[in-house]
Amino acid sequence: MKRALSLTAFVLAVLCTGEVVACTTAVISARASRTGRPLLWKQRDAPSKSNHLVHLRGDRYAFTGLVDGDDFRMESVWCGANERGFAIVNNVSYNLRPDSLENKPYEGMVMKQALGSCATVDDFERLLRERPYPNGLETNYGVIDAEGGAAYFEVWDYGYTRYDADEAPEGYLFRTNFSLSGRLGEGRGYTRYTTVEELMAASAARKFTPSWLIDSLGRSFRNTVLGTDLLQESLPASGLVTDVDYIPRYTTTASIVIEGVTAGGDCNSTVLWCALGYTPCCYAVPVWVAAGDRIPAMLTASPGAKAPANETSLEFKRHIFPIRRDGGNIYLDMRLLRECILPQVRRAEACEIEAGVKLDRELRSGGFDPRAVDAFNEAASRRFRIYRQNIANLLQP
């Protein structure tokens with residue numbers, strides 16, 4: 001009885017504090033992508049509410065990646081892509097680590113190292129083999145490259161297991177917070193896993209796009225255990241619902257799709273489609289790795305500052321989580337989200353993706369043009385200011 005009460009207390013603490021890291025990711029090979037380019041998706045959940053994009057130079061390669069706003073030394077990168085077409089994401093696993101070893105937060109440090117030094121999936125595998133043991137890792141790394149590589153590495157203190165996406169029946173793989181090679185039945189994120197499994201299976205025949213991943217997965221309020229979808233269900237008079245065990249979570253800080261290049265293609269084509277902040281309250285903007293530090297102004301910030309897109313998302317998020325007292329972060333105003341915020345987000349995202357796809361096509365056919373990217377970024381900033389004001393007007397009492 002005492003054990004059962006302790007477990008209940010732990011679960012309630014997790015729901016109320018949102019401290020469990022709960023990212024969701026997918027690795028999609030070129031044959032499962034509508035454009036014939038491999039895709040990586042990461043829905044990031046983190047204790048830090050502020051993150052943004054930066055462009056850095058590693059030991060061998062320059063790269064664009066996601067860093068925490070309070071990581072002044074930028075020691076860890078939480079997903080990204082480099083100038084050679086190599087890209088990486090991760091999510092923490094909770095069923096790999098031996099109980100006798102302490103898990104250390106090295107996942108982001110390894111991703112930064114990999115982005116600065118790896119050109120291929122095989123390079124990354126060599127990096128893992130050469131790390132001293134125990135390596136302090138308990139994570140699922142998803143990686144793609146410009147040679148057609150696309151794989152997961154489930155990494156633990158003394159080794160790893162590799163899964164190649166192209167060998168999967170439909171050409172794609174996905175993970176939540178457990179590893180298929182780990183201890184059976186342990187770990188976390190099983191409900192999210194089955195939700196992703198069902199949604200991707202239903203859409204695999206049409207093949208996947210960045211916009212589908214961010215919107216249909218990143219903003220899904222479907223729960224396969226309950227058989228419900230909060231975006232479709234009738235709502236109570238208050239509009240409030242219990243927000244537990246969905247892909248977007250109170251702790252969600254970004255949803256990013258990295259669109260790689262066709263095998264042997266020009267690495268300048270690598271694009272990060274970045275929705276910065278709580279995914280239902282923000283929209284995706286394209287960032288070309290070849291553009292270097294030409295990152296749209298709303299997606300980046302100086303150390304210690306908040307990126308405008310992240311800050312705006314947090315402001316809107318406060319409206320849809322209106323209860324401030326203890327435990328209030330599990331009560332979401334779904335009516336406000338469905339009727340006010342989400343239509344604006346999707347409208348802005350559709351415009352941004354249409355403009356981004358058009359420019360990406362021009363850059364791939366006519367050669368990379370930094371001036372065209374500068375013009376796009378300026379226009380994107382204007383559109384973002386209009387979007388922010390439109391929603392702010394709707395939220396006025």
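This briefing covers the sheets, helix packing, aromatic pairs and cavities of one model.

The model is predicted: local features need pLDDT of at least 70, side-chain atom pairs count only at pLDDT 80 or more, and totals for chains, interfaces and linings use all residues. Residues are numbered from 1 along each chain as its sequence is written, and side-chain values use heavy atoms, with hydrogens and water left out. Helices (H or I, at least four residues) and strands (E, at least two) are DSSP runs numbered from the N terminus.

**Seven-stranded sheet**

- An open sheet of 7 strands runs in the order β3-β4-β5-β6-β7-β8-β9, with antiparallel pairing. Two strands pair if DSSP finds at least two bridges between them.
- β3 (51-57) and β9 (159-164) are the edge strands; each has a single partner, so one side of each lacks a neighbour in the sheet.
- From one strand to the next, the twist averages 20°. Axes are lines fitted to C-alpha atoms, for helices over the stretch in contact, and angles run from 0 to 180 degrees between N-to-C directions.
- Strands β4 (residues 62-68) and β5 (residues 80-82) run antiparallel and are joined by 3 bridges. Phe63 has Asn82 in β5 as its bridge partner.
- Helix α3 (residues 121-130) packs on this sheet and touches β6 (87-92), β7 (139-144), β8 (150-156) and β9. Its direction makes about 10° with that of β8. Contact means heavy atoms within 4.5 Å.

**Aromatic pairs**

- The structure holds 19 aromatic pairs. Rings of Phe, Tyr and Trp (its six-membered ring) pair if their centres lie within 6.5 Å; planes under 30 degrees apart count as stacked, over 60 as edge-to-face and the rest as tilted.
- Phe124 and Phe153 have ring centres 5.4 Å apart and planes at 75°, so the pair is edge-to-face.
- This pair links distant parts of the chain: Phe124 sits in helix α3 and Phe153 in strand β8, 29 residues apart.

**Six-stranded sheet**

- A second open sheet has 6 strands in the order β10-β1-β2-β14-β15-β16, with antiparallel pairing.
- β10 (172-175) and β16 (284-288) stand at the edges with a single partner strand each, so one side of each is left without a neighbour in the sheet.
- Neighbouring strands here are turned by 15° against each other on average, direction ignored.
- Strand β1 (residues 24-28) runs antiparallel to β10, joined by 4 bridges. Ala26 stands opposite Phe174 in β10.
- α7 lies across β15 (271-276) and β16, at about 20° to β16.

**Helices α6 and α7**

- α6 and α7 pack at about 140°, with axes 10 Å apart.
- Phe316, His319 and Ile320 in α6 meet Leu336, Leu337 and Ile341 in α7.
- This contact has 5 nonpolar residues, 1 polar and no charged. Ala, Val, Leu, Ile, Met, Phe, Trp, Tyr, Cys and Pro count as nonpolar, Asp, Glu, Lys and Arg as charged, and the others, Gly among them, as polar.

**Cavities**

- There are 2 cavities of 30 Å³ or more. On a 1 Å grid over the protein atoms alone, a cavity is a set of points where a 1.4 Å probe fits but cannot get out; lining residues have an atom within 4 Å of a point. Grid points are joined across faces, edges and corners, and a volume is the space filled by probe spheres set on the points.
- The largest cavity has a volume of about 60 Å³. Its lining includes Cys281, Cys282, Met298 and Phe384.
- α6 gives the largest share of that lining, 3 residues. By class, the lining has 10 nonpolar, 2 polar and no charged residues.
- The second largest cavity has a volume of about 40 Å³. Among its lining residues are Asp266, Trp288, Asp360 and Arg364.

How values were computed
On a 1 Å grid over the protein atoms alone, a cavity is a set of points where a 1.4 Å probe fits but cannot get out, and a pocket is an open set with protein on both sides within 12 Å along at least five of seven lines; lining residues have an atom within 4 Å of a point.
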